[in-house]
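Subject: Structure handover and notes

Dear colleague,

Please keep the model open while you read them.

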Amino acid sequence: MTKIWLSLVGAAALALGAGAASADTLRICMEGAYPPFNNTDSTGKIIGFEVDVANDLCKRAGLTCEIVAQDWDGFIPALLNKRCGALMDGMSITAERLKQIAFSVPYTDAPAWFVAAKDGILKDARTLADVKAALKGKTIGVQRSTTHQNFLEAEFKDAEIKLYDTVDELNFDLVNGRIDAGLGDSTSWASFLKSDSGKNYAHYGPTLTGKDNPLFGQGIGIGLRQEEKELKAKLDTAIESMKADGSLSKLAMQWFGYDPLAPSN
């Protein structure tokens, strides 16, 4: 919770490169604590893949935009109450969320991984059935109000599920042995596994996407109010433009090390 509070206090709205003049400024809310999608640096500035994507999208769409920090657990209420004009935070497009808000077309995706200690409880887990058997009666950490929480609650009824406000808190408890494994986005886990804290941990079991279970959604999009049809059309066009000229792929490679939207072989 500390990191969210610091980002709210320390991160004044970060102006993005704007295109044509606009009467209003589009406030794009990000958590500022979900690397590499977005994170808060030592100066209080929000940085990351989604900041770079938003910068380019707003320029192409002719929008004046600013990034503001918003606690993940209050994301959709902040949009509906008009504290935010758009949401970007590795947010999966799911049927449940579409009952409340609209989404742009996907600008990326993030398969889910289970992570645990090397040579630990999941060392022999290859399939989802293996993971379920190994984690029966164990504790799995997950960020609250996510597709990952929904999946665990539906599929891992024999395990204890511990909820966290941020991935940093989850990672801290994993390293300190307070949970047996964690479930989260592969892109976020990749940053952790490359760090000193994550050097003794690894990804086990299957890589999970919306193709495996609809709870994971159909890609990651920008959350919008349902009535904002003109804004959605502008952002959809800008996203498709970034896909077509390779800009999205380039940013994905820069921040993730691979392109989640690239066709699989």
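Is Thr 94 buried or exposed? Thr 94 is buried, at a relative accessible area of 8%, where buried stands for under 20% relative accessible area, exposed for over 50%, and partly exposed for what lies in between, computed with a 1.4 Å probe on protein chains only. Before I go on, please note that this is a predicted model, in which local features need pLDDT of at least 70 and side-chain atom pairs count only at pLDDT 80 or more, while totals for chains, interfaces and linings use all residues. Residues are numbered from 1 along each chain as its sequence is written, and side-chain values use heavy atoms, with hydrogens and water left out.

Thr 94 is found in the loop between E7 and strand E8 (102-103); helices (H or I, at least four residues) and strands (E, at least two) are DSSP runs, numbered from the N terminus. Once its neighbours within four places in sequence are set aside, Thr 94 is in contact with Thr 147, Leu 215, Phe 216 and Gly 217, contact meaning heavy atoms within 4.5 Å.

Glu 230 counts as exposed, at 61% relative accessibility, whereas Lys 234 is partly exposed, at 36%.

Another salt bridge links Lys 232 with Asp 236, and there the closest N and O atoms are 2.8 Å apart. Lys 232 and Asp 236 also lie in helix H8, again 4 residues apart, about one turn of the helix. Lys 232 is partly exposed, with 27% relative accessibility, but Asp 236 counts as buried, at 14%.

Further along, the side chains of Glu 240 and Lys 243 meet in a salt bridge (3.9 Å, N to O). Because they are 3 residues apart in helix H8, about one helical turn separates Glu 240 from Lys 243. Glu 240 is partly exposed at 39%, and Lys 243 is likewise partly exposed at 32%. Salt bridges that share partners also join Asp 56, Arg 60 and Asp 245 into one network.

Packing of H2 on H8

The axes of helix H2 (residues 49-61) and H8 come within 9 Å and cross at roughly 115°, the axes being lines fitted to C-alpha atoms, for helices over the stretch in contact, and the angles running from 0 to 180 degrees between N-to-C directions. That makes H2 roughly perpendicular to H8, a term that covers 65 to 115 degrees, while angles under 35 degrees count as roughly parallel, over 145 as roughly antiparallel and the rest as oblique. On the H2 side the contact is made by Val 53, Asp 56, Leu 57, Arg 60 and Ala 61, and on the H8 side by Lys 234, Leu 235, Ala 238, Ile 239, Ser 241 and Met 242.

Strands and sheets

Two strands are said to pair if DSSP finds at least two bridges between them. Strand E2 (residues 25-30) pairs with strand E6 (residues 64-69) in the parallel sense over 6 bridges, and the bridge partner of Cys 29 in E6 is Val 68. E2 also pairs in the parallel sense with strand E7 (residues 86-87), over 2 bridges, with Ala 86 of E7 as the bridge partner of Ile 28.

An open sheet of 5 strands runs in the order E11-E10-E12-E9-E13, with mixed pairing. Its edge strands are strand E11 (160-164) and strand E13 (201-208), each of which pairs on one side only. Within this sheet, strand E9 (residues 112-117) and strand E12 (residues 181-185) run antiparallel and are joined by 4 bridges, and Trp 113 stands opposite Gly 184 in E12.

Key: Salt bridge = Lys/Arg side-chain N within 4 Å of Asp/Glu carboxyl O.
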